[in-house]
Amino acid sequence: MHSGHLLHPTATQIRIPATYLRGGSSKGVFFKLQDLPAAAQQAGPVRDAILLRTLGSPDPYGKQIDGMGNASSSTSKAVILSASSRPDHDVDYLFGQVSIDQPFVDWSGNCGNLSAAVGPCAIHMGLIPAERLPDHGTATIRIWQANIGKTIVAHVPMRDGQVQELGDFELDGVTFPAAEIALEFIDPADEGAHGAAMFPTGHVVDQLVVPGIGAFSATCINAGIPTIFLNAAELGYTGCELQADINEDAAALAQLETIRAHGALKMGLIGHLDEAATRQHTPKLAWVAPAQSYTASSGKRIDAQDIDLVVRALSMGKLHHAMMGTAAVAIGTAAAIPGTLVNLAAGGGERSSVVFGHPSGTLRVGAQAECVEGQWHVRKALMSRSARILMEGWIRVPAYLLDANSQ
């Protein structure tokens, strides 16, 4: 149950420069690539071991007490930044979703929430040349999202040559207001480095058959992050569930994970159902329903007339407390394309933006879509987030992790 390294009472710790940031409704530990030990500057077991130990994983107690994680998918995250070697980009951004109870880091997708923190952190780390930064106004930071091979453009407010972090922009799911950071996810669903079609099945709605559970209408989309959208009613849900309604129901979680695995298989993301267990970060599973009034987790009343639809989504096997940023991109993209389950839940037709209700409140996301020769293309998805540095300094991890390659 515990680590075999208890036999090293004299083992030393190493210090690694790091910055702890909130981005959107997530937070994570950010590293500059060149600050990592040489053995961790490339993908492999040493890098994964350091990130796992940093967050406090794997933890059979599920608390991450001995690390920087906060025992939720929204807070068990790590980011590695470096000056971009790609033309017309400022920073390369690599995201790792760190499992809480298992010894693995999932590198298969992006974190849309932490995307908001990449620009500010890159400026803080000195990765952006000073001549690119205005003393006052907005710094436009072009980010290469290395996990999925996509471009994100962050518009970061500046004041007196520094990132402006405080402001009056409110984001449901985040306690305090901050400065608004507008994000553009460029070509979020076009074929890119991974050759993933927007609709990998070739249809905007499929029938997803899950043996022993049932058959469900499903929109399987690659946009922002691979996502499987279902109708809440077909699952026996309203679409207004809060975390306790789902996360305290072990049988429901197991059933939803089985549905997700079959959806991953249908999308071609895995070759066998068993592979879903080691690919927790993608695809996401979400369910939608028409707009309705409900009370958010904060006690705030959400009125049906103020939203276009309600959406609930799972992240790393649990109902998310708000909405993953990448899933919000998928929602905005799917809403812009007539006939998807998201679009139909919002009332159908063509739309350039939607406001959806999630467990913590509401969020607006937009998408620029066009139909060319019968095929839908989304040029960019747009949404606003905020970010703030919470702590800066060094994290400490045992020196023996540098020997992970030999274990």
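This briefing walks through some backbone features of the structure above. The model is predicted, so to speak of local features here requires pLDDT of at least 70, while side-chain atom pairs count only at pLDDT 80 or more and totals for chains, interfaces and linings use all residues. Residues are numbered from 1 along each chain as its sequence is written, and side-chain values use heavy atoms, with hydrogens and water left out.

- Ser 57 and Pro 58 are linked by a cis peptide bond, with omega near -5 degrees.
- To find Pro 58, look in the loop between helix 1 (45-55) and strand 3 (77-83); helices (H or I, at least four residues) and strands (E, at least two) are DSSP runs, numbered from the N terminus.
- Thr 282 is joined to Pro 283 by a cis peptide bond, and omega is about -5 degrees there.
- Pro 283 sits in the loop between helix 5 (250-266) and strand 13 (284-290).

- Ala 71 is not a glycine, yet its phi is positive, at about 60 degrees.
- The loop between helix 1 and strand 3 holds Ala 71.
- With a relative accessible area of 32%, Ala 71 is partly exposed, a term for values between buried (under 20% relative accessible area) and exposed (over 50%), using a 1.4 Å probe and protein chains only.
- Asp 187, a residue other than glycine, also has a positive phi, near 45 degrees.
- You can find Asp 187 in the loop between strand 9 (181-186) and strand 10 (206-210).
- Asp 187 is partly exposed, and its relative accessible area is 28%.
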